[in-house]
Amino acid sequence: MSRLVKSIIEKYSHLAHKRGLTAAFGGNLSILFNGKIFIKATGSVMDDLTSEQIAIIDLEGNPLNTIRPSSEWKLHVEVYKRRKDVKAIAHLHPPYSIISSTKAKKELPIITPEAEVYLKKIPIVPFKPAGSWELARETAKYLETCDAVIMENHGVVTVGKSLREAYYKVELVEESAKLWYLKEKGM
């Protein structure tokens with residue numbers, strides 16, 4: 001079964017890179033399965049991620065295999081602890097979302113009917129250092145009441161009952177950010 005979990009992470013990692021939602025070493029995806037967090041390894045690239053580049057940790061962040069997890073593992077641990085309904089997390093670095101986080105105030109406006117239905121709101125988490133407990137706790141706090149946030153100057157985090165659901169919520173956030181940005185620019 002762990003092979004299937006890893007293959008799902010591979011699939012959506014490749015898709016995220018292909019669709020321009022992350023570049024180089026950025027972003028990470030995880031799935032919570034049987035009390036274990038399967039997460040992209042630190043230093044791996046989404047475009048060519050393999051199952052050998054997926055770390056497994058417990059809900060305290062302790063390693064369960066020899067692969068070092070993403071530097072954002074704390075964020076994943078904090079969200080899973082606070083949201084018992086969440087089984088997958090997508091953290092990506094889509095460009096319009098990042099630039100919008102520097103211009104929008106507190107929350108990205110909802111523009112499309114799909115974003116209204118599936119996201120409800122898109123708060124912006126104030127800047128905190130990447131990989132820090134401070135960022136992990138603050139982001140998890142925001143995600144207690146919604147399924148998508150933009151971390152200021154950093155990226156998007158979405159949650160779902162499946163990685164498919166979490167991934168497509170990132171696409172909705174990026175679409176909302178792009179439309180809002182273009183509207184603000186008068187296009």
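Leaving aside its neighbours within four places in sequence, which residues is His76 in contact with? They are Asn28, Leu29, Ser30, Ile39 and Ile89, where contact means heavy atoms within 4.5 Å. The model is predicted, so local features need pLDDT of at least 70 and side-chain atom pairs count only at pLDDT 80 or more, while totals for chains, interfaces and linings use all residues. Residues are numbered from 1 along each chain as its sequence is written, and side-chain values use heavy atoms, without hydrogens and water.

**His76**
- His76 belongs to helix 2 (residues 73–82); helices are DSSP runs of H or I with at least four residues, and strands are runs of E with at least two, numbered from the N terminus.
- His76 has a relative accessible area of 0% and is therefore buried (under 20%, with a 1.4 Å probe and protein chains only).

**Gly27**
- Gly27 sits in the loop between helix 1 (2–18) and strand 1 (28–33).
- With a relative accessible area of 5%, Gly27 is buried.
- Not counting residues up to four places away in sequence, Gly27 touches Thr22, Lys40, Met46, His91, Leu92 and His93.
- Between Gly27 and Leu4 there are 21 Å in space, C-alpha to C-alpha, and the two are 23 residues apart in sequence.

**Helix 3 and helix 6**
- The axes (lines fitted to C-alpha atoms over the stretch in contact, with angles from 0 to 180 degrees between N-to-C directions) of helix 3 (residues 95–103) and helix 6 (residues 163–184) come within 8 Å and cross at roughly 55°.
- Helix 3 contributes Pro95, Tyr96, Ser97, Ile99, Ser100 and Lys103 to the contact, and helix 6 contributes Val173, Glu174, Ala177, Lys178, Trp180 and Tyr181.

Terms used: Buried < 20%, exposed > 50% of the residue type's maximum accessible area, 1.4 Å probe, protein only.
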